[in-house]
Amino acid sequence: MRRMNVSNAAICAGLGVGALVTALVAAGPAVAGVPAVAGVPAVGPAAAGGKQFTRGHLFVTIGEAEPCEFGGREAIVEIDPATGAASVFADSWDGLCRPSPPAVVPDRRRLLVGNSPKGPAYILAFFPDGRSDLYLSFKVCCVGLPTYDPSGNLYVRTALSQILRYPMSGGPPEVFADADDFISGGGRMAFAPNGDLYCTTRRESADDWIVRITPDGVGAIIVTTPGELRGLAVDRSERVFVSAGSPTLGIMRYDPPGYSAPVLLTDLYATSIALSEDEGALFAPSRDRTDGIIAYAVDTESGFVTVIPGEIDPWGGGYLTGSIMVARPVFPGDLDFNGAVELYDFALFDRCLTIGEGEPIPVECQSADLNGDRRRDFADFSVFQRRFGIVFHDPRE
Ligand SMILES: [Ca+2]
Ligand SMILES: [Ca+2]
């Protein structure tokens, strides 16, 4: 475990000065029914205002073989997985250069993308209307994907084998984990709803690791994998999905508590994977020799592979596949995905428990399984109660 402020100017961060402290309201409903809470607004989508990214959409980064410094183009393509409809959301003109997997901000109002040119790295924030903004800049090269924990703090992985945490309440970043926690300079990371952080660790001439870091910042190796890892995803039950850098290994699932024997879902080669909102599928962009870049959906139980229709390569043929993200709720209990666990979510949660057998499950209810037992029932309520009142606040605003 390491906790120290990054004060040696290794990182030049834009966060910190004058940041407001978020009002975290630690009140909760006492019993089922109408919650008796004071001072917690029933926000809901109507009061949220402003444009938000569409939940459930995929964001895939795609680039040319030529480096971005020499004119090679990069793009983020937004895809509706239901129809396959795809459009270029952002491109090199917006400053993309070796982009990381994008991350949706907990209130769905921004998309953060790490960029790693040959020089100082930076994170861009994109708004739903396509505008972009420099969000964070660094003095060193190479940042991994930005990721939020279930409390709204931002984590960034750097080439210095560190994971930095930027508190939601503002202030300077601190080193959350480092090489002592088995972290390498590259690799992916993903939070479980309970706040455990799962990471892949690249190792030179050795098999890669899957590492779990507790919310206190203590890392432990849970799996030594046979080969090199690429993509990573973790579901509500803390099942860990990885895609390997070789078609013979493909996409694997490691199940808790032992994480001992991997379940091979498919031999599909995918540089990156992301879970669908209902966690029934893993989306995986892959490059097909004849058909170009294709997005696949892999069933998380059976490994059955389906093709998402539509052309996701904006320039047509010959480009590299990149990373992928699905816009899914960051905060457990925030069923309408607006960055706050509030009364509106409670009303939705209540409704989610009364869905009858065979009835369609609304998208808001797909993340109502808060204890990860793959059922939506009253056992999830105590988790909701603990989460009630959390409100995301972007310290840059
Ligand atoms: Ca909400
Ligand atoms: Ca449940």
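**Close-up views of a predicted model**

**View 1. Overall content of the protein.** Three helices and 25 strands make up the secondary structure of the protein. The model is predicted. Of the 397 residues in the protein, 45% are buried. Among contacts with a separation of 6 or more, 52% join residues 24 or more positions apart.

**View 2. An open four-stranded sheet.** The strand order is S13-S14-S15-S16, and the pairing is antiparallel. Strand S13 (189-191) and strand S16 (219-224) are the edge strands, each pairing on one side only. From one strand to the next, the twist averages 25°.

**View 3. The pairing of S15 with S16.** Strand S15 (residues 209-213) runs antiparallel to S16, and five bridges link the pair. Ile 210 stands opposite Val 223 of S16.

**View 4. A cis peptide bond at Pro 257.** The bond from Pro 256 to Pro 257 is cis, with omega near 5°. Pro 257 sits in the loop between strand S19 (251-254) and strand S20 (263-266).

**View 5. Positive phi at Arg 108.** Arg 108 is not a glycine, yet its phi is positive, at about 65°. The residue lies in the loop between strand S5 (103-104) and strand S6 (111-115). Arg 108 counts as buried because it has 24 C-beta neighbours inside 10 Å; the cut-off is 20 or more.

**View 6. Positive phi at Glu 238.** Glu 238, also not a glycine, has a positive phi of about 60°. Its place is the loop between strand S17 (229-234) and strand S18 (240-244). With 18 C-beta neighbours inside 10 Å, Glu 238 counts as partly exposed.

Key: Residues are numbered from 1 along each chain as its sequence is written. Chains are lettered from A and ligands numbered from 1 in the order in which they are written. This is a predicted model: local features need pLDDT of at least 70, side-chain atom pairs count only at pLDDT 80 or more; totals for chains, interfaces and linings use all residues. Helices (H or I, at least four residues) and strands (E, at least two) are DSSP runs, numbered from the N terminus. A residue is buried if 20 or more other C-beta atoms lie within 10 Å of its own, exposed if 12 or fewer, and partly exposed in between; C-beta atoms are placed from the backbone. Two residues are in contact if their C-beta atoms, placed from the backbone, lie within 7 Å. Two strands pair if DSSP finds at least two bridges between them. Axes are lines fitted to C-alpha atoms, for helices over the stretch in contact, and angles run from 0 to 180 degrees between N-to-C directions.
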